[in-house]
Every structure is written in C-alpha cells, then in structure tokens.
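Welcome, and thanks for taking a look at this one. Please open the sequence and the model side by side, and we will walk through the fold, the core and a few local details together.

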Amino acid sequence: MPTARLRRALPALFLAAAVASLCAACGSSDTGGFDAQPAAPSPSCLEHQRQNPDSRYTGGQQADPTSVLTMMRFYTANGTKTYCDGKPATTTDQHWTQLYRSLGGDPSHVAHTP
C-alpha cells in the first residue's frame, strides 16, 4: 500500500539535511520544484525534470512535507515508466531519483537510477 510506504518515509525527512550535500552539486541557479505532471494523474510516460531539487525538498526539518510527499508519491506510482522522448534520465532526473531513494523510497520504484 503506497500510503504505508510514504508513512514509513516520513521519518526520513529528517535525513534530508544530509541530502543537501548531495544536492550541492545540483547547482544553485537552476533549482526549484518537482514536476509531478499534474495534467496527467496517471501518466503513460515520464517528462524529464527541468529543475534540480530546492530547499522545499532538501531542507531537512524546514522542508515542505507536502512537496516531499508529492514527489515520493509520484515516483512510487510512476518511477519505472520510460521517458516520453525515449531518452535516458538526465542528470537532473538522477538528482530527483537519488533524493527519492535517500528519503527512504524503494529503489525498485525508480528504474532510471545509476
């Protein structure tokens, strides 16, 4: 049940501060929100993420739980789908999937990770 997985992932939010060092390499000028493809609640393929995770996702106790849970839910439900353009995950996509895994997300839910 995805809700139970997300509930187990909540304590991992406190570990998100450690992720900040991971995302230091993400770049500061191109950071922002996660695109959960809201126009397609159950997308058949993934769009590439355009921005790297920002403090809403990597801010430890100051992270925004709604933003983090939206990202976690999206990858839990859709992370193994191929990208719509047929290309592999970009570096930015990999930053998001690394964040997902570091917050307790099941690695089998994100097939596009190194």
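## Overall layout

Starting from the N terminus, the elements of the protein chain follow the order α-α-β-β-α-α-α. That gives five helices and two strands in the protein chain. Please keep in mind that this is a predicted model.

Of the 114 residues in the protein chain, 42% are buried. The protein chain exposes about 6100 Å², and carbon and sulfur atoms supply 55% of that area. Among contacts with a separation of 6 or more, 70% are between residues 24 or more positions apart.

## The nonpolar core

Which residues touch the most other members of the largest nonpolar core? They are F34, Y57, M71, Y75 and W96, in a core of 17 residues. Two elements, α4 (65–78) and α5 (91–102), each give two or more residues to this core. The top contributor is α4, with five residues.

Leaving aside neighbours within four places in sequence, F34 is in contact with Q49, Y57, M71, F74, Y75 and W96. F34 itself has a relative accessible area of 11%, so with a cut-off of under 20% it counts as buried.

## Aromatic pairs

How many aromatic pairs does a search of the whole structure find? The search finds six. One of them joins F34 and F74 in an edge-to-face arrangement, with 5.4 Å centre to centre and 70 degrees between the planes. This pair links distant parts of the chain: F34 sits in the loop between β1 (31–32) and β2 (52–53), while F74 belongs to helix α4, 40 residues apart. F74 is buried, at 2% relative accessibility.

Helix α4 has 14 residues and reaches 20 Å from its first C-alpha to its last, close to the 20 Å expected at 1.5 Å a residue. Its buried residues are S67, V68, M71, M72, F74, Y75, T76 and N78. An α-helix has 3.6 residues a turn, so residues three or four places apart point the same way.

Helix α5 has 12 residues and spans 16 Å from first C-alpha to last, close to the 16 Å expected at 1.5 Å a residue. The buried residues in α5 are T92, D93, H95, W96, T97, Q98, L99 and Y100. Just after α5, G104 takes a positive phi of about 100 degrees.

Most residues other than glycine have a negative phi, and most peptide bonds are trans. Q37 is not a glycine, yet it has a positive phi of about 50 degrees. You will find Q37 in the loop between β1 and β2. Is Q37 buried or exposed? Q37 is buried, with a relative accessible area of 10%.

## Around strand β2

P53 lies in strand β2 and is buried, at 3% relative accessibility. P53 and W96 are 43 residues apart along the chain, and their C-alpha atoms are separated by 6.6 Å.

The structure holds one salt bridge. This salt bridge is formed by D54 and R56, whose closest N and O atoms are 2.8 Å apart. What is the accessibility of D54? D54 counts as buried at 16% relative accessibility, whereas R56 is partly exposed, with a relative accessible area of 35%.

## The segment after α5

Finally, have a look at A111, which is placed in the segment after α5. Not counting residues up to four places away in sequence, A111 touches G79 and T80. A111 and Y75 are 36 residues apart in sequence, with a C-alpha to C-alpha distance of 9.9 Å.

How values were computed: Residues numbered from 1 in each chain as written. Predicted model: local features only at pLDDT ≥ 70, side-chain atom pairs only at ≥ 80, totals over all residues. Heavy atoms only, no water. Helix = DSSP H or I, 4+ residues; strand = E, 2+ residues; numbered from the N terminus. Buried < 20%, exposed > 50% of the residue type's maximum accessible area, 1.4 Å probe, protein only. Contact = heavy atoms within 4.5 Å. Areas by Shrake-Rupley, 256 points an atom, 1.4 Å probe, with all protein chains shown as cover. Core = buried A, V, L, I, M, F, W, Y, C linked by side-chain atoms within 4.5 Å. Phe/Tyr/Trp six-rings, centres within 6.5 Å; stacked < 30°, edge-to-face > 60°. Expected span 1.5 Å × (residues − 1). Salt bridge = Lys/Arg side-chain N within 4 Å of Asp/Glu carboxyl O.
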